[in-house]
Each structure stands twice: as structure tokens, then as C-alpha cells.
Amino acid sequence: MTKALEKRPLVCPQSLYGSIRDFYELGAKFLKATGGERSPGKAAELAEKYGYSQVAVYKARQFAKMYSQDDLEELCSLGESEGQPLGVGHVHQLIQVKAAGERKRLQAAAAKNGWSSRKLKEMRK
């Protein structure tokens, strides 16, 4: 990611896709560059530049559309005092939940109970 990201301490855990913050920033960059529209060319460019698949870039875009900066901070703080922090795999499941209230309930339960992203997928059905 960017040098600014490398210098910032990470609150959210690292994963295959980096931190949740990195994933969110990728989505925000995509939204800014495209005005929120689908853009295969821009998705391919960002995917190559940052080492993601195009599918991951579109998921990052959806994440940045669904979560405000405050929502991101809340998500990243989950699991700090008790339970387990969430990762990008959890985000992939959470962005499938359209209702914000249900998403918040699920993300809090996932952190508190230490759910894997697979368990979260089972619980959202």
C-alpha cells in the first residue's frame, strides 16, 4: 500500500489482503477514481498496482460504500477488549449483509465469540 499506510500503526489484524484499513483505503481510492461506478479498467489498474484480484478490488469498493469512516473505526476496535479482532475475510461476509443493524449485530457477535469468517457466513444465513 502507500507509504502513509506503512507508517500508520495497524489496529486491525493483517491478513492475505493486509489490514481492514488497507482494504477500506483501496475501496475508497476506487470510489474516488470512478465516482462510485463500475470500471473494469480502473479495477484492473488498482489490482495490479496493489497486488489484489479485480474481484477483491470490487469487494473493497463495496466495503467503502457501505461503511463510513466512523463505522470503520468501530469495526477495527471490535475484539480489542474481549474476543478476537476481525479480518478482511470477515469483511467479505459482512458486506453481503444489506441491513446496517444486522451487520453491526453480526460483527459484534463475531468479535465477541471469536468466529472465523466461515462461522460468520453460517450465522448470517
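## Helix packing and aromatic pairs in a predicted all-helix chain

The buried residues of helix α5 are Leu72, Leu75 and Cys76. Viewed along the axis of α5, these buried residues fall within an arc of 95°, so they line one face of the helix. Here, buried means under 20% relative accessible area, exposed means over 50%, and partly exposed lies in between (1.4 Å probe, protein chains only). The arc is that of the directions from the helix axis to the C-beta atoms. Helices (H or I, at least four residues) and strands (E, at least two) are DSSP runs, numbered from the N terminus. The cover over the buried residues of α5 includes α2, α4, α6 and α7. Just after α5, Gly79 takes a positive phi of about 85°.

This is a predicted model, in which local features need pLDDT of at least 70 and side-chain atom pairs count only at pLDDT 80 or more, while totals for chains, interfaces and linings use all residues. Residues are numbered from 1 along each chain as its sequence is written, and side-chain values use heavy atoms, with hydrogens and water left out.

**The chain as a whole**

The protein chain has eight helices and zero strands. Of its 125 residues, 42% count as buried. The accessible surface of the protein chain comes to about 7000 Å², and 50% of this belongs to carbon and sulfur atoms; the areas come from the Shrake-Rupley method with a 1.4 Å probe, and for residues only the protein chains shown count as cover. Among contacts in the protein chain with a separation of 6 or more, 63% are accounted for by residues 24 or more positions apart. Contact means heavy atoms within 4.5 Å.

**Helix α3**

In helix α3 (residues 40–50), Ala43, Leu46, Ala47 and Tyr50 are buried. Seen down the axis of α3, its buried residues fall within an arc of 105°, so they line one face of the helix. An α-helix has 3.6 residues a turn, so residues three or four places apart point the same way. Gly41, Glu48 and Lys49 are exposed on the other side of α3. The buried residues of α3 pack against α2 (20–34) and α4 (54–66). Gly51 follows α3 and has a positive phi, near 80°.

**The nonpolar core**

A nonpolar core is a set of buried Ala, Val, Leu, Ile, Met, Phe, Trp, Tyr and Cys residues joined through side-chain atoms within 4.5 Å. The largest such core holds 35 residues, of which Ile20, Phe23, Val57, Phe63, Leu75 and Leu86 touch the most other members. At least two residues of this core come from each of α2, α3, α4, α5 (69–77), α6 (88–94) and α7 (100–113). Helix α4 gives the most to this core, with seven residues. Not counting residues up to four places away in sequence, Val57 touches Leu26, Phe30, Ala43, Leu46, Ala47 and Tyr52.

**Aromatic pairs**

Rings of Phe, Tyr and Trp (its six-membered ring) pair if their centres lie within 6.5 Å; planes under 30 degrees apart count as stacked, over 60 as edge-to-face and the rest as tilted. By this rule the count comes to five aromatic pairs. Two of the pairs are tabulated below.

| Pair | Geometry | Centre to centre | Angle between planes |
|---|---|---|---|
| Phe23 and Tyr52 | tilted | 6.3 Å | 40° |
| Phe63 and Tyr67 | edge-to-face | 5.0 Å | 65° |

Phe23 lies in helix α2 and Tyr52 in the loop between α3 and α4, so their pair ties together parts that are 29 residues apart in sequence. Phe23 counts as buried at 0% relative accessibility, and Tyr52 counts as buried at 12%. Phe63 is buried, with a relative accessible area of 0%, and Tyr67 counts as buried at 4% relative accessibility. Ring pairs link Phe23, Tyr24, Tyr52, Phe63 and Tyr67 into a cluster.

Ser19 lies in the loop between α1 (3–7) and α2, and counts as buried at 0% relative accessibility. The side chain of Ser19 reaches the backbone nitrogen of Asp22 at 3.0 Å.

Thr34 lies in helix α2 and counts as buried at 16% relative accessibility. The side chain of Thr34 reaches the backbone oxygen of Glu37 at 3.1 Å. Leaving aside its neighbours within four places in sequence, Thr34 is in contact with Ser39 and Lys42.

Definitions and conventions
A polar contact is a pair of N or O atoms within 3.5 Å; within protein, one must be able to donate a hydrogen and the other to accept it, and residues adjacent in sequence count only if both atoms are side-chain atoms.
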